[in-house]
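Here is a quick tour of one model, with the sequence and structure to follow along. Have both open as you read.

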Amino acid sequence: ASAFAIEDAYIRMPLAGSDKTAAYFTLTSSADTMAFLIDASTPAAETAELHTHTHENGMMAMRKADLFEIPANGVLELRPMGNHLMLFGVDSTLADGDVVSLTLVISVDGEPVVKTIDVPVKPLG
């Protein structure tokens, strides 16, 4: 897990009345081989899915992804309007300033590496 550093992580506070939101972060790898982000979870949501935005025929769509590539000695950026973690069934008590744990599963040479970080909740904007 020490081959992976996570910075600028946050969960966006859900819009009023919504039970879904997204999480973003920058994951830097110092591994000499390509790795893959394959799963994520947080106790603040029932499920977390890897999602990406696509542009097709002038329309933007969000699609579930099976994995995200993490380049060898490179960076994977999860950000608004790009790759991100979509959180469903979000805890209705989640508030600006809360800190929740986020667990990531990274596949390195076919072996899972689990990394858990504390992530702040921030408002939209």
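## A buried glycine in a loop

G89 is buried, as its relative accessible area is 18% (buried means under 20%, exposed over 50% and partly exposed in between, with a 1.4 Å probe and protein chains only). You'll find G89 in the loop between strand 8 (84-88) and strand 9 (99-108); strands here are DSSP runs of E with at least two residues, numbered from the N terminus.

Which residues does G89 touch, not counting those up to four places away in sequence? They are D19, A44, A45 and E46, where a contact means heavy atoms within 4.5 Å. I117 is another story: G89 and I117 sit 28 residues apart in sequence and 20 Å apart in space, C-alpha to C-alpha.

## Ground rules

This is a predicted model, in which local features need pLDDT of at least 70 and side-chain atom pairs count only at pLDDT 80 or more, while totals for chains, interfaces and linings use all residues. Residues are numbered from 1 along each chain as its sequence is written, and side-chain values use heavy atoms, leaving out hydrogens and water.

## Strand 2 and its partners

Strand 2 is mostly covered, with eight of its ten residues buried. Strand 1 and strand 2 run antiparallel and are joined by six bridges (two strands pair if DSSP finds at least two bridges between them). F4 has S29 in strand 2 as its bridge partner.

Strand 2 also runs antiparallel to strand 8, with four bridges, and T21 has L87 as its partner there. Another four bridges join strand 2 to strand 7 (residues 75-78), again antiparallel; in that strand, E77 stands opposite T26.

## One aromatic pair

Searching the whole structure turns up one aromatic pair. The ring centres of Y10 and Y24 are 5.2 Å apart and the planes are at 45°, so the pair is tilted. For reference, Phe, Tyr and Trp rings (the six-membered one for Trp) pair if their centres lie within 6.5 Å; planes under 30 degrees apart are stacked, over 60 edge-to-face, and the rest tilted.

Y10 is in strand 1 (residues 4-12) and Y24 in strand 2 (residues 20-29), so the pair ties together parts 14 residues apart in sequence. Y10 is partly exposed at 22% relative accessibility, whereas Y24 is buried at 5%.

## The nonpolar core

The largest nonpolar core has 33 residues; such a core is a set of buried Ala, Val, Leu, Ile, Met, Phe, Trp, Tyr and Cys residues joined through side-chain atoms within 4.5 Å. Strand 9 gives the largest share, five residues.

L27 is among the residues with the most contacts inside this core. Beyond its neighbours within four places in sequence, L27 contacts residues including F4, I70, L104 and I106.
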